[in-house]
Structures are given as structure tokens and as C-alpha cells.
Amino acid sequence: MAIDDVFAVIAEGTRRDILGSLRGGDKAVGELVEELEVSQPTVSKHLKVLREAGLVSMRAQGQKRYYSLQTGPLQDVAEWIVAFGIEVLPAAEPVAPAVAAAVVAPQEPGHAVSGRSLEVPVPANLSRSLGQAANKATTKAADLFAHLPKLPRRRRG
């Protein structure tokens, strides 16, 4: 898949949310529906686009379909960005499970989430604020990338 196509696919917020969710591991469609609070037909539609772009893969297990993140196309994008002299930062350390759970499922104000030796006070609106900020940042990045000059496509093989 061409880099231009990957940019077009990840320009949509729900697809970025799905990719972000799959960073934690394989998930069934129902898990994504519940986590993202989006309808099943919407999740399925976006998963189809992501699968066609090579960003996710699907495996059937009984009646369920599990999706996995495939980073190859994103690596191609990272290499393209590096060609402009922009340093791509290495992946950050994994977030402690308690922090990840707090962002996904915010608690009542002042409630602490415990995990291993970590105590984190979590405001109720933290998840929403982080999500809105991330969507604004990724939308601006997608707009920026959309206006960069197109490079010739590389042939693989």
C-alpha cells in the first residue's frame, strides 16, 4: 500500500482510536465496540478499511473475529518522515496497567487507582480531555502531511 493511502486511512479519528486500542493486543469486534463506545457496524466498517490498508489483520476463533495491529505500513510512513530530517522517536515504555485503565475508564474525582506500587489520583474528565487533545493533534498532523509533496512510490520486492 502506498504511503498516501496510509495517510488517508489514518486521517479518520475512529480508525486511529481502533489502532490505539489494538496497541494493547488482539481484540474482538465486541471489545472494540464496548471500549470505543461506537456501534458495531461502524467498527466493522473501519476495521475493513484498516484491513485493506494492511494496518490490521483478522483471525477467526469460533464465532468471534479477533483483530491485531500490523505496523509495517506505519513503519513505511516513519521512514518517509525520516527522509525529511525529522527524527522519529522510539516507542515509549509501556504504560503501567493502572494508568492505562484509568485513562480508558476514568474514576470518580479524587479516587486513586492502584497498580503494582503505583498510586495515581485520576480526575473524572482526564480520559475525555486526553482524547480530545489527541484527536486535535492527529488531525493537525494529518492536515500537515496532506499538504506535503508526494514522493515517488517505492517498489517492493
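**Close-up 1. Crossing of helices α3 and α4.** In this predicted model, α3 and α4 cross in a right-handed manner. The angle at which α3 packs against helix α4 (residues 40-52) is about 115°, and their axes are 9 Å apart.

**Close-up 2. Residues in the contact of α3 with α4.** From α3, the contact takes in Val29, Leu32 and Val33, while α4 supplies Gln40, Val43, Ser44 and Leu47. By residue class, this contact of α3 with α4 divides into 5 nonpolar and 2 polar residues, with no charged ones.

**Close-up 3. Packing of helices α2 and α3.** Helix α2 spans residues 13-22 and helix α3 spans residues 29-36. The two pack with their axes 11 Å apart, at an angle of about 115°. At that angle, α2 counts as roughly perpendicular to α3, because the range for this class is 65 to 115 degrees. The crossing in which α2 passes α3 is right-handed.

**Close-up 4. Residues in the contact of α2 with α3.** On the α2 side, the contact is made by Asp17, Ile18, Ser21 and Leu22. On the α3 side, Leu32, Glu35 and Leu36 take part. The residues of the contact of α2 with α3 comprise 4 nonpolar, 1 polar and 2 charged. Leu32 of α3 is listed in this contact and also in the contact of α3 with α4.

**Close-up 5. The aromatic pair of Phe7 and Trp80.** The structure holds 2 aromatic pairs. In the pair of Phe7 and Trp80, the ring centres are 5.5 Å apart and the planes stand at 70°, so the pair is edge-to-face. Phe7 belongs to helix α1 (residues 3-10) and Trp80 to helix α5 (residues 72-82), so this pair ties together parts that are 73 residues apart in sequence. Phe7 has a relative accessible area of 13% and is buried. Trp80 is buried too, with a relative accessible area of 9%.

**Close-up 6. The aromatic pair of Trp80 and Phe84.** Here the ring centres of Trp80 and Phe84 lie 4.9 Å apart with their planes at 70°, so this pair is edge-to-face. Phe84 is partly exposed, its relative accessible area being 38%.

**Close-up 7. The aromatic cluster.** Phe7, Trp80 and Phe84 form one aromatic cluster. Trp80 pairs with Phe7 and with Phe84.

Technical notes. Residues numbered from 1 in each chain as written. Predicted model: local features only at pLDDT ≥ 70, side-chain atom pairs only at ≥ 80, totals over all residues. Heavy atoms only, no water. Phe/Tyr/Trp six-rings, centres within 6.5 Å; stacked < 30°, edge-to-face > 60°. Helix = DSSP H or I, 4+ residues; strand = E, 2+ residues; numbered from the N terminus. Buried < 20%, exposed > 50% of the residue type's maximum accessible area, 1.4 Å probe, protein only. Axes fitted to C-alpha atoms, helices over the stretch in contact; angles between N-to-C directions. Parallel < 35°, antiparallel > 145°, perpendicular 65-115°, else oblique. Left-handed = near helix turned anticlockwise from the far one by under 90°. Contact = heavy atoms within 4.5 Å. Nonpolar A, V, L, I, M, F, W, Y, C, P; charged D, E, K, R; others polar.
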